[in-house]
Amino acid sequence: MGRGGSTRIGLRMDTLSHIDALNARYGIPGVAQIVRGNGGLPLVRVTSPAGSAEVSLYGAQVTKWKPAGAEEVLFLSEKSYWEVGRAIRGGIPVCFPWFGDKADDAKAPKHGFVRTREWRLDSLSALDDGSVTLLCITENDANTRVLWPHEYCVAYRITAGAKLRLELTVINRGRSPMRFEEALHTYLRVGRVQDVTVAGLAGTAYLDKTDRFVEKAQAGEITITRETDRIYLNASGAIEVVDPARGRTIRIEKVNSEATVVWNPWREQAAKIGDLGNDEWQDMVCVEGSNVQSAAIQLDPGEEHTMRVTLSTGTIANAGS
Ligand code: TA6
């Protein structure tokens, strides 16, 4: 290439920002763009015939998803921080390689460190059924090794359309066995949490985080009547969140996920969460496909594991009648 040509290209690359460069490479006109989201964080905005969605590359966090013709499914706090170093409050944070506090280090970041890192966008494409699929990747580096001494690759495929399909693959690239926890910490948007039923866990044992992790048995379906923070074990089946105020159900189907976390902070705990608006606790319930506690995953060198969570919505027959 002649001198003038390379200079021109050099100048263009200098002036293109990181986000513009991502959009030039991966954007699909009219279907998916990479734009500056809140706080200037890179955001993949999907507007496909089957549904719309937003995914922040910071944390590979789905922050919005709406099947065509339906209402928004995910809760996103009006007071969320959009700052590097802090997790986005709402949508679907990815928790890895531990869940909650790190067992041997109380100062380590809660829920691991991948929700507060920018992930690499690896591919973005439109599918024949009108949905859009993207692959985000995060890998170990010098910073992660300080917190967790393993070599890994996490590849997260997000497919947004009439359904939202989430596939989290973890690969052990090191030379020793690797044990980790993972959770897709899904904040569901509900009409009034006090009216909601979380169905599908009746009879299942859970660890009650509000009561020193004491193991209890779930009697009947779950209703939220106070602070609820539970890890259901041996809970690989589908869950249905029945939301009479919005006249809809949200179904959560899981593959290779043995634990399900259900969380609502209720009034008093919510007041201590700086990035949750007044009374917003009533608008959300978290139902989290996960492998945590006794369901943590162990991988030998070279092995990989994929957990899949699929969300879909339905209407409640005779809602409002
Ligand atoms: O998934 C439930 C939980 O572990 C709760 O204990 C609660 O603290 C919540 O996650 C939110 O955690 P965060 O670090 O995002 O404030």
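Residues are numbered from 1 along each chain as its sequence is written, and side-chain values use heavy atoms, with hydrogens and water left out. Because the model is predicted, local features need pLDDT of at least 70 and side-chain atom pairs count only at pLDDT 80 or more, while totals for chains, interfaces and linings use all residues.

A nonpolar core is a set of buried Ala, Val, Leu, Ile, Met, Phe, Trp, Tyr and Cys residues joined through side-chain atoms within 4.5 Å; buried means under 20% relative accessible area, exposed over 50%, and partly exposed in between (1.4 Å probe, protein chains only). The largest such core has 75 residues, and Tyr156, Leu188 and Val241 have the most contacts inside it. Strand 8 (residues 152–160) supplies the largest share of this core, 5 residues; here helices (H or I, at least four residues) and strands (E, at least two) are DSSP runs, numbered from the N terminus. Another core, of 10 residues, lies apart from it and includes Cys95, Phe99, Leu207 and Val261. Contact means heavy atoms within 4.5 Å. Leaving aside neighbours within four places in sequence, Leu188 is in contact with residues including Val73, Phe75, Val241, Ile250 and Leu311.

An α-helix has 3.6 residues a turn, so residues three or four places apart point the same way.

What of the cysteines? A search of the whole structure finds 0 disulfides, a disulfide being a pair of cysteine sulfur atoms within 2.5 Å. The sulfur of Cys153 is 12 Å from the closest cysteine sulfur, in Cys136, and so too far for a bond. For Cys286 the closest cysteine sulfur, in Cys95, is 9.4 Å away, also too far. Cys153 is buried, at 4% relative accessible area, and Cys286 is buried at 0%.

Finally, the residues around the ligand (a heavy atom within 4 Å) include Arg89, Lys110, Asp229, Trp263 and Glu288. An oxygen atom of the ligand is 3.0 Å from a side-chain N or O atom of His111. For Arg115, the corresponding distance is 2.9 Å, and for His185 it is 2.9 Å.

Notes:
Polar contact = N/O pair within 3.5 Å; in protein donor to acceptor, adjacent residues only side chain to side chain.
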